[in-house]
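Subject: Structure for your review

Dear colleague,

Please find the structure below, followed by some notes on what turned up in it.

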Amino acid sequence: MMETEDRRILIIDDEPSICAGCRMTLADNGYVSDACSTGRSGLKALLSGRYQLVLLDMKLPDMDGMDILQKVKDSGIDLCVIVMTGYASVKNAVDAMKLGTFDYLSKPFSDDELLNAVALAVENRRFKEAHMAVRRQPATRRDFGNIIGENPRILQIFDDIRKVAPTDTTVLLCGESGTGKELFARELYAHSHRSDRPFMAVDCSTFSSSLLESELFGHTKGAFTGAVQDKEGIFSAAGNGTLFLDEVANLNMDIQAKLLRALETHEFKPVGASRLKKADVRFIAATNRDLKTMVREGRFREDLFYRLNVFPIIIPPLRERRDDIPRLLYHFLRQTCRQTGKRVDGFSDESLEILVNDDWPGNVRQLKNVVARLVIIADSPVLECQHLSDHWEAGPEPVRDEVPDSLDALKAAKQNLLDVQFGEIEKAFLKKALSEAGGNITRAARRVGMQRSNFSTLMKKHGLNSAAGPSSDRI
């Protein structure tokens, strides 16, 4: 809330009852406010720079509210304005919106309407300040190697990496697809005493079981059809370095048993060999699946799980670290501009709000790809809302593999389709309305023909917040 001396709210209205009522309501909710009864005194107070939010009556005895707005805008002062107007002068309020007014209140208005408008304005102000802070950050990065993040959960992971990296302890990285598990693995490697030795990464989901065993442990000549010569496996190639096993949940039970032996004894046997080999390798594993559930279901060895899960690190999805999204957006923007040779300076406040509001099911990987596409299609120095609406990624179509076998199952399937498909359409409808209204809920609701309260209810249903993102967080 605006509690410090330089963040007061100014009320400009020639009706003493309006000023007194607003000041009392605001004071009861922790806001500090002043009041002026004339346009000239109000303008002088605004030009002092002490205020960042003003409640402005459009019809004053000595000065028109539009003139005050224009003079403040010409002065360059960054001010959030909520217009107070009678029903007869709604057109003036709309005109005032063109001068950057955040919202308007139609007289008479309730205490709740006043507080809601002020709370949204304050939140919008904070969002813009955070946006500008990110834009002002120098190109040189304040981060942990190649990982962008100042969210508390990311900072805790940095601390965990500093503690465990110098040891040879096995680390299990858990997180959704696209959260950057390999980048965290490489940071573990970079901070370890093995950083001058090889880092070998294997995606366990890209090989068949037979090929993966050969890939990991190697094979001898004649071990199977096509084995025309001895082949060194990744265990040997790692050479006292670090081995990163990505998507370890995809290993079959036979490979799991052999991996367990390698973890416990640092010994392995190439396919077709009769003798064991030694490998002093540090293990880091990663998964986007729940290994505990797989253990209960008999699809993953319990002993291997405990051997891998010595030091687990949980990487949060992007939707749980939304405060890092602006940093990531500007990092990938600068990166893509360097690669393409294009110059794009940044995002408009409205487009940034939409990007922060998104759920990002593909996490940081998806965000990086979206930024790359936006830069490629950009035709102006600032990425605006229309760029997002024209080139937003389409979500995956729901696929049903089973045909309902009862009336209840059919009803459940129908309800699921409504929840999933119509829910996405409803959410896209809200985002589009907010985008076209510059993030202003009142204007968005009016534009689509809805009551503001109903529009807000739908926003809450989908976790949307026009100023700060869903209610709930470089790689």
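In which helix is the place of D111? D111 sits in helix α5, where helices (H or I, at least four residues) and strands (E, at least two) are DSSP runs numbered from the N terminus. This is a predicted model, in which local features need pLDDT of at least 70 and side-chain atom pairs count only at pLDDT 80 or more, while totals for chains, interfaces and linings use all residues. Residues are numbered from 1 along each chain as its sequence is written, and side-chain values use heavy atoms, with hydrogens and water left out.

The protein chain has 19 helices and 14 strands, and buried residues make up 47% of its 475 residues. Here buried means under 20% relative accessible area, exposed over 50%, and partly exposed in between (1.4 Å probe, protein chains only). D111, at 46% relative accessibility, counts as partly exposed.

Eight aromatic pairs were found in a search of the whole structure; rings of Phe, Tyr and Trp (its six-membered ring) pair if their centres lie within 6.5 Å, with planes under 30 degrees apart counted as stacked, over 60 as edge-to-face and the rest as tilted. One of these is the tilted pair of F217 and F235, at 5.0 Å centre to centre and 40° between the planes, which links helix α8 (residues 209-217) with helix α9 (residues 234-237) across 18 residues. F217 is buried at 2% relative accessible area, and F235 is also buried, at 2%. Together with F268 and F283, F217 and F235 form one aromatic cluster.

Best regards
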